[in-house]
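Hello,

I am handing over the structure we talked about. Please open it below before reading on; my notes on what was found follow it.

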Amino acid sequence: MKSITLFTEEIDDYEDAAAELKEQLEGFELCKNTIGILYINADNDIAEMMNCFTEAFDFPLVGSTALAQLNSSTGYCDAGITMIVLTADDCQFDIGMAEGLTCENYEEQITAEYQRVKAISGADEKLIIAYGGKITGSVGDDFIHVFDKLSNGVPVFGGLASDGFSFTKYFIFSNEKIDHFGLVFVLISGNVKPLFACEYSVSTENGFSAVVTKSKGNMILELNRGKFLDVLKEEGVGSDNSDQFQFIGSPFTATLEMEDGAKVRVLRFLTIIDQPTRSGGFLGGVPEGSGLGIAVINRDDVEKSVAEALRKLLEQMSKENEYKYSTFLFSSCGGRYLLLTKDRDAEARAIQTVLPENVSAAGFYSYGEFAPVTMEDSGKSYNVFHNSTFTVLAM
């Protein structure tokens with residue numbers, strides 16, 4: 001597989017934007033199978049942009065709106081259009097898009113679209129890249145569970161589309177299809193050997209420990225020690241005047257139990273504080289029985305920790321003598337974006353400092369990340385929905 005990252009600051013005239021990106025693509029030889037992945041800020045006219053782009057490029061395009069973008073050419077950017085083009089003779093890219101999803105129909109709709117794509121492709125995917133819109137009454141974990149069931153645990157990477165924290169303007173798209181409550185996915189089969197990294201950037205933990213005894217989706221109602229907010233107040237980390245922004249640098253840790261009994265630790269970003277019911281809501285699911293803690297992310301350590309995660313990934317890649325890695329995709333949490341208010345370039349600097357010049361890379365700040373976690377003891381990987389996490393796919 002080969003790839004190239006394209007970027008334009010032009011967002012006022014989409015014909016000019018498409019022409020500029022196409023010019024950057026000149027001289028880059030496309031193989032038999034090609035796909036483009038786009039990230040663009042949510043304030044843009046996605047329909048108009050895609051009309052221009054589908055005319056300009058003769059290969060399929062998928063993408064997501066983004067709070068902000070990351071790429072290997074400009075680093076961090078909060079305005080513009082990033083496209084990463086993947087092309088290969090020995091890989092196949094099969095695209096699906098499930099539209100109009102609700103908490104009642106998402107499994108049925110995704111299953112039908114996945115089966116439709118599989119019937120056409122006839123290939124066994126080795127990687128799924130997916131971007132979804134946050135569904136009212138549902139959590140990102142639900143997408144992961146459906147893909148796990150359908151693909152028997154094929155690695156899933158991507159995340160939830162984002163906007164400027166209005167939670168009303170995000171979209172995912174595939175050529176002429178655009179949807180707020182949808183899911184676009186790419187099944188990649190053939191000669192691909194994906195590697196992953198998840199960086200939590202946790203400096204310390206404050207000693208808080210509890211078990212979720214009553215929850216509904218992303219809402220924690222009660223812990224084994226009482227109502228959620230009451231327990232936080234007793235611990236001195238919350239009060240009757242607390243709001244979710246107080247916890248930007250202190251995401252919660254959740255220990256999730258997998259179907260085979262394995263315990264996977266993830267971060268959860270608090271987004272809702274409901275004082276009347278003394279409950280709290282998160283971007284990710286918190287099933288009953290989950291262990292809960294509070295971590296501390298030091299913004300000064302973020303750049304170093306991301307750089308170290310990338311170095312470890314490069315070390316893994318170097319052991320693959322018969323496969324050449326050329327492409328990196330990133331999904332980083334919008335919570336980390338808020339934490340880095342005074343230094344938006346921190347993660348981008350790590351990317352540009354550590355990654356070799358001969359690779360292409362692109363990604364975005366999301367409302368939740370899809371990426372596998374590998375257990376150190378067993379070596380087994382599990383697809384997980386993350387918050388407050390910097391995730392990387394190398395292929």
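Ser-121 counts as buried, because its relative accessibility is 16%, and the cut-off for buried is under 20%. Please keep in mind that this is a predicted model. Ser-121 belongs to helix α3, which covers residues 106-121. Apart from residues up to four places away in sequence, Ser-121 touches Gln-92 and Asp-94.

If neighbours within four places in sequence are left aside, Ser-305 is in contact with Glu-199 and Ser-201. Ser-305 and Ala-42 are 263 residues apart in sequence, and their C-alpha atoms are 29 Å apart in space.

Ser-290 sits in a loop, the one between β20 (279-282) and β21 (291-297). Is Ser-290 buried or exposed? Ser-290 is buried, because its relative accessible area is 3%, and under 20% is the limit for that class. Leaving out neighbours within four places in sequence, the contacts of Ser-290 are Ala-210, Val-211, Val-212, Thr-255 and Leu-256.

**Tyr-337 and Phe-165**

Tyr-337 is found in helix α7, residues 334-339. At 12% relative accessibility, Tyr-337 counts as buried. Which residues is Tyr-337 in contact with, leaving aside its neighbours within four places in sequence? They are Leu-67, Ala-68, Tyr-76, Phe-165, Arg-344 and Tyr-365. Ile-248 is 89 residues from Tyr-337 along the chain, and the two C-alpha atoms are separated by 9.6 Å.

Phe-165, one of those contacts of Tyr-337, lies in the loop between β9 (156-160) and β10 (172-174). Phe-165 is partly exposed, because its relative accessibility is 28% and that class runs between 20% and 50%. Phe-165 is not a glycine, yet its phi is positive, at about 70°. Asn-175 is another residue other than glycine with a positive phi, here near 50°. Asn-175 is placed in the loop between β10 and β11 (177-179).

**Lys-149**

Lys-149 is part of helix α4, residues 140-151. Is Lys-149 buried or exposed? Lys-149 counts as exposed, because its relative accessibility is 60% and the class begins over 50%. Arg-344, which is among the contacts of Tyr-337, is 195 residues from Lys-149 in sequence and 37 Å away in space, C-alpha to C-alpha.

**The nonpolar cores**

How many residues does the largest nonpolar core have? The largest nonpolar core has 89 residues. Those with the most contacts inside this core are Ile-129, Phe-328, Leu-329, Phe-330 and Met-395. A second, separate core has 28 residues, including Met-258, Val-264, Ile-273 and Met-375.

For Phe-328, the residues touched, not counting those up to four places away in sequence, include Ile-84, Leu-313, Leu-314, Met-317, Leu-355 and Val-359. Also among them are Ser-360, Ala-361, Ala-362, Val-392, Leu-393 and Ala-394.

**The chain as a whole**

The protein chain contains eight helices and 26 strands. Its radius of gyration is 20 Å, close to the 21 Å that the globule rule gives for 395 residues, so the chain is as compact as a globular protein of that length. The C-alpha trace spans about 65 × 45 × 45 Å along its principal axes.

Of the 395 residues in the chain, 58% are buried. Taking contacts between residues at least 6 apart in sequence, 78% join residues at least 24 apart. The accessible surface of the chain is about 16300 Å², and carbon and sulfur atoms account for 45% of that surface.

As for charge, the chain has 31 positive and 59 negative side chains. The centres of these two sets lie 7 Å apart.

Regards

Terms used. Residues are numbered from 1 along each chain as its sequence is written. This is a predicted model: local features need pLDDT of at least 70, side-chain atom pairs count only at pLDDT 80 or more; totals for chains, interfaces and linings use all residues. Side-chain values use heavy atoms; hydrogens and water are left out. Helices (H or I, at least four residues) and strands (E, at least two) are DSSP runs, numbered from the N terminus. Buried means under 20% relative accessible area, exposed over 50%, partly exposed in between (1.4 Å probe, protein chains only). A nonpolar core is a set of buried Ala, Val, Leu, Ile, Met, Phe, Trp, Tyr and Cys residues joined through side-chain atoms within 4.5 Å. Contact means heavy atoms within 4.5 Å. The radius of gyration is taken over C-alpha atoms; the globule rule is 2.2 Å times the number of residues to the power 0.38. Accessible areas come from the Shrake-Rupley method with a 1.4 Å probe; for residues, only the protein chains shown count as cover. Lys and Arg count as positive and Asp and Glu as negative; His and the chain ends are not counted. The place of a charge is taken as NZ of Lys, CZ of Arg, CG of Asp or CD of Glu.
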